[in-house]
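Please examine the sequence and the model below before reading on.

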Amino acid sequence: MSSPVAIVTGASSGIGAATARRLAAEGFHVLAAARRTDRLGGLVDEITAAGGTATAVMCDVTSDESVAGLAEAAAAASGPVTLLVNNAGGARGLDPVESGSVADWQWMYDTNVLGTLRVTQALLPALESSGAGTIVIVSSTAGFIVYEGGGGYTAAKHAQTAVAGTLRLELCGRPIRVIEIDPGMVKTDEFGLVRFDGDADKAAAVYAGVPDPLVADDVADCIAWCATRPHHVNVDRLVVRPLAQAAQHKVHRVG
Ligand SMILES: NC(=O)c1ccc[n+]([C@@H]2O[C@H](COP(=O)([O-])OP(=O)(O)OC[C@H]3O[C@@H](n4cnc5c(N)ncnc54)[C@H](OP(=O)(O)O)[C@@H]3O)[C@@H](O)[C@H]2O)c1
């Protein structure tokens, strides 16, 4: 029997890389997709060294052509395509709506929302023909709250959350479950750097004094747990925050 195939977008760093490693350890053949193939190559080597299997696939989720290539790679894999993790995304800027950059808002909508749409549309036939498909959408607590300076990101994540809910309704009766993962504060290497245009001090300040913020492996653990439940068990939405973060505005910091 060939291993089931899992596709993870945004696998070159952070939550996506951790999820690819974890799913490979769970027995999936992982198609690790992102734009930076050098990073994906290192990840595949790591997974292989740990006894798993994975393939690096260059994919820009903002390009129809590139996403079509990802679907072709999935079709060429020997096992059934049972799992898609739509993880590629992120935030750009922390400006108020009054002065927010239209280009940043466009980037966030195209990557988080339309990226999820493109990849999901392209992989749905393969997921359905597996007879037991799972689509995971990594949205955020920003998908159901708003905060000052977060207008562009929360708008995009609200939209991504809306895609997850709509898709679950539309696919009801077909063999594909839809799981939304909503992390709060996760300390990953690049999320803050992307948000603050490479400013490491601003990125680090987000987590300053927070005892034990979530890390990428914590979210990968949540994704893997949801995706490995019996197929009739649909975890609609999993909200996960660090203990120190009771709500978006209520974060315990020391020092
Ligand atoms: N960190 C947090 O606090 C947090 C909290 C809640 C939700 N999230 C969500 O979790 C997901 C992962 O976040 P993270 O913290 O792991 O961030 P990250 O380390 O910056 O990872 C983002 C990933 O998305 C990929 N990506 C960006 N644009 C892409 C594109 N056009 N096509 C394909 N891949 C693209 C990047 O790879 P390439 O640049 O190589 O393409 C990278 O692998 C995001 O959707 C984020 O919104 C994060």
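## Packing of helix H1

Helices H1 and H2 (residues 37-49) pack at an angle of about 25 degrees, and their axes are 10 Å apart.

With helix H8 (residues 216-227), H1 packs at an angle of about 50 degrees, the axes being 8 Å apart. H1 passes H8 in a right-handed crossing. Axes are lines fitted to C-alpha atoms over the stretch in contact, and angles run from 0 to 180 degrees between N-to-C directions. Helices are DSSP runs (H or I, at least four residues) numbered from the N terminus.

## Basis of the model

The model is predicted: local features need pLDDT of at least 70, side-chain atom pairs count only at pLDDT 80 or more, and totals for chains, interfaces and linings use all residues. Residues are numbered from 1 along each chain as its sequence is written, and side-chain values use heavy atoms, without hydrogens and water.

## Surroundings of the ligand

The ligand is surrounded by 30 residues, each with a heavy atom within 4 Å of it; the closest are Ser12, Arg35, Arg36, Tyr153 and Thr188. This shell divides into eleven nonpolar, 14 polar and five charged residues, with Gly counted as polar. Helices H1 (14-25), H4 (102-129) and H5 (151-170) each supply at least two residues of the shell.

Polar contacts are pairs of N or O atoms within 3.5 Å. A polar backbone atom of Ile15 is 2.8 Å from an oxygen atom of the ligand, and one of Val186 is 3.0 Å from an oxygen atom of the ligand. Asp60 places a polar side-chain atom 2.9 Å from a ligand nitrogen atom. The protein covers 96% of the 880 Å² of accessible area that the ligand has on its own, by the Shrake-Rupley method with a 1.4 Å probe.

Methods. A polar contact is a pair of N or O atoms within 3.5 Å; within protein, one must be able to donate a hydrogen and the other to accept it, and residues adjacent in sequence count only if both atoms are side-chain atoms. A crossing is left-handed if the near helix is turned anticlockwise from the far one by less than a right angle, and right-handed if clockwise.
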